[in-house]
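Hello,

Here is the structure for your files.

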Amino acid sequence: TTAAFVPLSSSLYLATVSNTPPPTCACVIAHNKFKGTIPTELGKLTKLTRLYLHNNKLAGSIPSEIGKLANLARLSLDHNRFMGAIPTELYQLSNLEKFSLVGNNMTGSFTPSICDEMQQPTEDGDFVTDCLGDSPRIPCACCTMCCDAEQCCDMVGTDGCISLDDHEPA
């Protein structure tokens, strides 16, 4: 296995890990308390397969340019300060296997027709949004786990509340 780390800025690195084709190209800046917005230039990283931005203090809207990341299989945006509507371009990510958007102030929905266009989660895949409760922020027809405003999460098809701390992020 080989790995290469390419600096994108003073605190953001792009990692390319290759063992067998196709290589995994990941951008990981999770758990760093980073502030600011997601740069639209991220959409130019078309080989990106994994984007982990969870547990920071990123804010603003999710740029529509993320929809250009056609190879993206894992996207973790949970526990930031994102606001506004889920960009419709995100629904075009047909290779997405793991996705988490919990703990933000987003609106939108994953309707059955949108879910049909997106790849359904694999056996080890997850779609996790704020889709639990009487008035869920993000209704989701294809989520494997739904959370409420208090971050109580329920695996679809089960009863009970689990903490996201006990759940592996996308």
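Cys27 is buried, at a relative accessible area of 1%. This is a predicted model, so please read every value as computed.

Cys27 takes part in no disulfide. Its nearest cysteine sulfur belongs to Cys25, 8.4 Å away. The cut-off for a disulfide is 2.5 Å between sulfur atoms. Cys25 is likewise in no disulfide, with the sulfur of Cys27 as its nearest at 8.4 Å. Cys25 counts as buried, at 11% relative accessibility.

Now the bonded pairs. The count comes to four disulfides.

The link is left-handed, with -70 degrees about the S-S bond. Cys115 sits in helix α1 (residues 112–117), and Cys142 in the loop between β11 (126–129) and β12 (145–147), so the bond ties together parts 27 residues apart in sequence. Both Cys115 and Cys142 are buried.

Cys131–Cys146: the S to S distance is 2.0 Å. This link is left-handed too, at -95 degrees about the S-S bond. Cys131 lies in the loop between β11 and β12, Cys146 in strand β12, 15 residues apart. Cys131 is buried at 11% relative accessible area, and Cys146 is buried at 9%.

Cys140–Cys143: the sulfur atoms are 2.1 Å apart. Which hand does this link have? It is right-handed, with 95 degrees about the S-S bond. Both Cys140 and Cys143 are buried.

Best regards

Terms used:
Residues numbered from 1 in each chain as written. Predicted model: local features only at pLDDT ≥ 70, side-chain atom pairs only at ≥ 80, totals over all residues. Heavy atoms only, no water. Helix = DSSP H or I, 4+ residues; strand = E, 2+ residues; numbered from the N terminus. Buried < 20%, exposed > 50% of the residue type's maximum accessible area, 1.4 Å probe, protein only.
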